[in-house]
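Let's take a friendly walk through this protein chain, starting with some annotated positions and ending with its domains. Keep the structure open as you read.

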Amino acid sequence: KKDILDIHSLDPAEITLILDTAMGMKEISQRPVKKVPTLRGKTIVLFFQEPSTRTKLSFEIAAKRLSADSVAIAKSGSSMAKGETLMDTVKNLEAMKPDVIVMRHASSGAAYLVANRVNCSVINAGDGIHAHPSQALLDMMSVREKKGCIKGLKLAMIGDIAHSRVARSDIIGFSKMGARVSVCAPQTMIPAGIEALGCTVASSMEACVADADVIMMLRIQKERMTDVLFPSEREYAGRFGLNSQRVALAHKDVTIMHPGPMNRGVEISSDVADGKYSMILDQVTNGVALRMALYYLVAGGSRHADTD
Ligand code: CP
């Protein structure tokens, strides 16, 4: 594929290829010298117009591990701050001949717009509330690594589904790979018709987490809300927060996930976030390998990595 824009356009075989490639890349990150020449001579532009810790850094580290040159541009500090349009900015980036543009933007669909106008590959690192494909892929990689396979698992997803691009990409991806996805949130945080993506809506948090193999908690995205939070953070934590009592309702070998950043004490208690079932930091570790795989598959040529 030229671009990675969403999970919707990947079929199960393509998802499996990405996850298999990422597992190979993970081995590189465990070597004493964590660098291979696979993408030497390639140029990657990191174009992030929203804040990011995990996604931006892991795309940057992934580029370095594959010996690609990466450069970053943000909205502030670029000529967009002087009024240059997104399209003019991107055409100027393209004129410098990058091989890949990784972009995060506040508007849903921005990555599609750019991908249609440039010849280089575009990887969507999050567009508005729409899609975050590399997050969903690293989540699937993490679950498959931990549980052996995704098919047949029950995934409970609780939180601000309405404003979450992670939720949309994970619901589509996990259901495509054969998991049963159950979601739960206050009415105001569940968009109408969400079932069409491949999930069911649970009547309560308890019903959602019952016998779950994986529980994925989502942050309340206040930056995307125009109204005051209802319920309040305290009420929210009481009804929809993950604590050890609710974890006990799940499968005895449950895995707890969160894409980050977390609101500790709101959607997840610290003892659960840091507890024995949590694989939240494993998700971050896998994020580097998964993004190495995406670079390799869009810019590296053949199926098998030159991992010497
Ligand atoms: N999960 C995620 O996208 O985190 P960042 O916003 O820190 O990149």
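## Annotated sites and domains

Arg-165 is found in helix 6 (residues 165–176); helices here are DSSP runs of H or I with at least four residues, strands are E runs of at least two, and both are numbered from the N terminus. This is a predicted model, in which local features need pLDDT of at least 70 and side-chain atom pairs count only at pLDDT 80 or more, while totals for chains, interfaces and linings use all residues. Residues are numbered from 1 along each chain as its sequence is written.

UniProt, in an unreviewed entry, places the feature "binding site" at Lys-82, Arg-165 and Arg-219; such annotations may be inferred rather than shown by experiment. These positions span 138 residues of sequence and are also spread in space, with up to 32.6 Å between C-alpha atoms.

| Residue | Class | Other C-beta atoms within 10 Å |
|---|---|---|
| Arg-165 | buried | 24 |
| Arg-219 | partly exposed | 19 |

Arg-219 sits in the loop between strand 8 (214–217) and helix 8 (233–240). Beyond four places in sequence, its contacts (C-beta atoms, placed from the backbone, within 7 Å) include Gly-159, Asp-160 and Glu-267.

The domain assignment gives domain 1 (12–132 + 286–299) and domain 2 (133–283), with bounds from an automatic or database assignment. Their C-alpha centres lie 25 Å apart, and 23 residues of domain 1 are in contact with 24 residues of domain 2.

Conventions. Two residues are in contact if their C-beta atoms, placed from the backbone, lie within 7 Å. A residue is buried if 20 or more other C-beta atoms lie within 10 Å of its own, exposed if 12 or fewer, and partly exposed in between; C-beta atoms are placed from the backbone.
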